[in-house]
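Here's a quick walk through the fold, from the sheet to the helix on it and then the cores. Have a look at the model before reading on.

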Amino acid sequence: MPSPRVDQYRVEAVVWTGEIAEICRAAGPDGRVVAIKRIRHGIHHRGAALRQLEREAQYGLLLDHPNVIRVLHFVPDPEVPLMVMEYFSSRNAKVRLLAPRGDPLLDYRTSEMLMQMSEGLQHMHQRGMIHMDIKPENFLLSDEGQAKLTDFAI
């Protein structure tokens, strides 16, 4: 199978923007919806950020668990490298916790969500990795009650 190229992905929307990177919903070469993480334009220390993205993808490719976002591959384009991941329609735990009117998912399924979060972390630890940035923003929670760990910049 040939290596994927940046031009094979069509960005549909930016779904999250951080200090260094952004996550986009995109259509892949086969039409499947994926998430891509890419370095934002105009940031300082771009070289360090690019190395961090590649390292994050390398770690993510070693993980395979239902409570961890699956990294599909890394596109090492010199201009716009991409980490391609499964697209998981969700909100992070912080957004759910701070919802002004509460969140029914957390009202009724908190212990289940916490167990799933711990299982994702345990999977990383069993592979000799430590997340180093455990916070509500790095756990995605779907409306159906599935939790997934994300952000492997460890």
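Helices (H or I, at least four residues) and strands (E, at least two) are DSSP runs, numbered from the N terminus. With that naming, Ser-90 lies in the loop between E5 and strand E6 (91-92). Keep in mind that this is a predicted model, where local features need pLDDT of at least 70, side-chain atom pairs count only at pLDDT 80 or more, and totals for chains, interfaces and linings use all residues. Residues are numbered from 1 along each chain as its sequence is written, and side-chain values use heavy atoms, with hydrogens and water left out.

**The sheet**

Let's begin with the strands. Five of them make an open sheet in the order E1-E2-E3-E5-E4, with antiparallel pairing; two strands count as paired if DSSP finds at least two bridges between them. E1 (10-17) and E4 stand at the edges with a single partner strand each, so one side of each has no neighbour in the sheet. On average, neighbouring strands are turned by 25° against each other, direction ignored. Axes here are lines fitted to C-alpha atoms, for helices over the stretch in contact, and angles run from 0 to 180 degrees between N-to-C directions.

| Strands | Bridges | Facing residues |
|---|---|---|
| E1 and E2 | six bridges | Arg-10 and Ala-27 |
| E2 and E3 | seven bridges | Ile-23 and Lys-37 |
| E3 and E5 | four bridges | Ala-35 and Met-85 |

A hairpin through three residues joins E1 to E2. E2 and E3 form a hairpin too, with five residues between them, and Gly-31 in that turn has a positive phi of about 90°. How covered is strand E2 (residues 21-27)? Mostly: six of its seven residues are buried, where buried means under 20% relative accessible area, exposed over 50%, and partly exposed in between (1.4 Å probe, protein chains only).

**The helix across it**

H1 (residues 46-61) has 16 residues and reaches 23 Å from first C-alpha to last, close to the 22 Å expected at 1.5 Å a residue; that expected span is 1.5 Å times one less than the number of residues. Buried in H1 are Ala-49, Leu-53, Glu-56, Ala-57 and Gly-60. Seen down the axis, these buried residues fall within an arc of 100°, so they line one face of the helix. They pack against E3 (33-39), E4 (71-75) and E5 (82-86), with contact meaning heavy atoms within 4.5 Å. H1 lies across those three strands, running at about 145° to E4.

**The cores**

A nonpolar core is a set of buried Ala, Val, Leu, Ile, Met, Phe, Trp, Tyr and Cys residues joined through side-chain atoms within 4.5 Å. The largest one has 29 residues, and those with the most contacts inside it are Met-85, Leu-141, Leu-149 and Phe-152. Among the elements giving it two or more residues are E3, H1, helix H3 (104-126) and strand E8 (147-149). H3 supplies the largest share, six residues. A second, separate core of eight residues includes Cys-24, Ala-26, Leu-82 and Val-84.

**Back to Ser-90**

Is Ser-90 buried, exposed or partly exposed? Partly exposed, with a relative accessible area of 29%. Leaving aside neighbours within four places in sequence, Ser-90 is in contact with Leu-140, Leu-141 and Ser-142. Ser-90 and Ile-69 sit 21 residues apart in sequence and 12 Å apart in space, C-alpha to C-alpha.

Terms used. Arc of directions from axis to C-beta.
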